[in-house]
Amino acid sequence: MIEGTTDPGLPGAPAAARSVPVLPLHGPVRPLGLPQVSITGGLWGRLQSVNATATLAHCESWMERLGWLANFDRVADGTTSPDRPGWSFSDSEVYKLLEALSWEAARTGDPEAETAIKRLTARVGRAQDPDGYLNTCFGHGGQQPRYSDLEMGHELYNTGHLLQAAVARLRTAGEDDLVRVARRAADHVCRTFGEDGLRGICGHPEIEVGLAEFGRALGEDRYVEQARLFLERRGHGTLRDIPLGRAYFQDDIPIRRADVWRGHAVRALYLTAAAVDVAVERGDDDLLRAVERQWERSVARRTYITGGMGSRHQDEGFGEDWELPPDRAYCETCAGVASIMVSWRLYLATADTRYTDLIERTLYNVIATSPSPDGTAFFYANPLHQREPGRPADPDAVSPRAEGGTRAAWFDVSCCPTNVARTLASLDAYLATTDDDGLQIHQYAPCAISAELPDGRRVAADVETGYPETGTVRVRIAADEPSPWTLSLRVPAWAAGATVTEDGRTRPVEPGTLAIRRTFRAGEVVTLDLPMGPRFTWPDPRIDAVRGCVAVERGPDVLCVESLDLPATGESQAGESGAGGSLAEGTAVGGSHTGGSHVGGSHVGGLDALVIDPLAGPRADGGGARVRARRRATAAGPWPYTTAASPQPDAVAGDGDAAWFDVPLRPYRTWAQRGPSSMRVWLPVSPGPCHRSEGVLGT
């Protein structure tokens, strides 16, 4: 869309100011999107580049190869049959790819992305029925009737992702064929499930958030109203019960009465995102307070240190309070994407930085963790403890498992690659906002920001930073503005000891929001320095699975130990010259580790015996840290328990100071990039009077 044109239903404002995934019509702040914010480098710039040059084509190639795209051709040609390839929700992957391509085409002007949008839209559009129904798994020859399996059929879920793709296209290019296809599909949903229609809901929430945002983008309130109807119907036993229970799809308790997220994590979070949208558009403070209450308890008791959500594999779902086992953590990548969707909406509704704090944690430790450096393999599940190194994934095979310890090229259920793709392509729109008096910067990456306030004042800044490798963030004012305005910078909750420098003066700042209001001139620099020394983080003692352990964080990064970095068993472990002793030899080649015997050799199991010295504290080591550690003495036996009154838990392999050695820790987001390894985030501490078991997330 050309700068200066307007969006339907929202007359008078430049369309480019609304090239964002989420745009509430009310709220204390307004999101900035393309081209107002442009990431220019750093970690996120690299990930966006790889996403654009490799991941998008990778996703389309796999969908073509597996017949998921051909499903649309079969509907159009009347050749459907019961043996349709792919799960019932495979249509949604095409729609998420279309959304990612739409953001990418707007972000870079890439002609290949534009061509792909038109190519895919044409195939999708040909499959749409005359009344607007669009699905390749139901309603055609040899298939089950429409809406005959609302519990698990995903028909409305698929449509919700179509609507989100159309929002991206509408806000970046205007109304085109994709938007028209989506409008017909939305109209069909409203006719079928409206006030006088079927009283059903979808087993997988998504239609709600799609309708709400599509309605806002078009200025069509009836779509927002249909989203509200779906929300109000849920929680009353509308869907058939299943062995996992109705909590699996949040049909057990009305959303207004729920106190915590439960059941399937992605379902719960997509539903919650829609609830925030509806609450804001309807001025429903009770609904918004219910969501805030659920967020608070779920983050305080059911969220991993990485920001990951979902501790149960059986239902990809939340466990009970404090049920956060690191080795069985599911932490689906899609749940990380959905968590960001919820927290961003809550921030836009409240301007409370605790929500953008969680977004930062999730971005660095879930989203950035999933893709391989070349953008063609992904983690689906994100455990915090890998007991055995995974097998190298076959780049030409579909992985049947969501977990496995190595990134896979594609999955039987491959929702995560496309979710990562659309998040990275639209990430610029999650960095900054404006209000009536200034600019707020939430996430730190090299970027250029330029926006106009409602009264015509121009705010513009270039952010220069090496974050998270370094903690220095320079905000260089890029435009003269004769009237004062407020520059606000988020100081993360973990950043005690941060400072700000302006006009040659440095002063301390507290975590929260740093607000500077004055007249700014082009070329002036405000420098925020965040403390990047590694720090211990202790778990709440009610988390049984990690009692007696500690984690190490550095800046926004959670760190981990990998087996590839342990000294070989039996070698010198004295930590000569502080270098950590004799480390395993070998290098990662072609996705597998050679040289050291890490698979089935002496290094496997080394993490099980590792304990660290909590008195020594973590020490800086580039972008990671080092800790002082030793190995517990272990012996094979017929029974893994003892009745001894004092099992001497601090017995170690070695004597005195010679038993200690240094172990490097690396950012969790980089684990398994050098080849298969065992890994852990939570490290057992050497017992003694120094041990402390209290602590809270983020301290």
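Start with the lining of the second largest cavity: its residues divide into 7 nonpolar, 3 polar and 1 charged (Ala, Val, Leu, Ile, Met, Phe, Trp, Tyr, Cys and Pro count as nonpolar, Asp, Glu, Lys and Arg as charged, and the others, Gly among them, as polar). Among these lining residues are Trp261, Arg262 and Gln294, and helix H9 (residues 265-282) gives the largest share, 3 residues. The volume here is about 70 Å³.

Before going on, note that this is a predicted model, where local features need pLDDT of at least 70 and side-chain atom pairs count only at pLDDT 80 or more, while totals for chains, interfaces and linings use all residues. Residues are numbered from 1 along each chain as its sequence is written, and side-chain values use heavy atoms, with hydrogens and water left out.

A cavity is a set of points, on a 1 Å grid over the protein atoms alone, where a 1.4 Å probe fits but cannot get out, and its lining residues have an atom within 4 Å of a point. Points are joined across faces, edges and corners, and a volume is the space filled by probe spheres set on them. By this rule there are 6 cavities of 30 Å³ or more.

The largest cavity holds about 180 Å³ of space. It is lined by 16 residues, and the closest to its centre are Pro21, Glu99, Gln164, Arg422 and Tyr430. Helices H3 (90-108), H5 (155-173), H11 (333-350) and H13 (415-425) each supply at least two lining residues, with H11 giving the largest share, 4 residues. (Helices, H or I with at least four residues, and strands, E with at least two, are DSSP runs numbered from the N terminus.) By class, this lining has 9 nonpolar, 3 polar and 4 charged residues.

Now look at H3 and H5 together. They pack at an angle of about 10°, with their axes 8 Å apart (axes are lines fitted to C-alpha atoms, for helices over the stretch in contact, and angles run from 0 to 180 degrees between N-to-C directions). That makes H3 roughly parallel to H5, a label for angles under 35 degrees. Where they meet, with heavy atoms within 4.5 Å, H3 brings residues including Tyr95, Glu99 and Trp103, and H5 brings residues including His161, Gln164 and Arg169.

Elsewhere, an open sheet of 7 strands runs E2-E8-E9-E10-E15-E12-E13 with antiparallel pairing (two strands pair if DSSP finds at least two bridges between them). Strands E2 (37-39) and E13 (505-508) are the edges. Within the sheet, E10 (residues 472-477) and E15 (residues 525-529) pair over 5 bridges, and Arg474 stands opposite Thr527 in E15.

Conventions. On a 1 Å grid over the protein atoms alone, a cavity is a set of points where a 1.4 Å probe fits but cannot get out, and a pocket is an open set with protein on both sides within 12 Å along at least five of seven lines; lining residues have an atom within 4 Å of a point. Angles under 35 degrees count as roughly parallel, over 145 as roughly antiparallel, 65 to 115 as roughly perpendicular and the rest as oblique.
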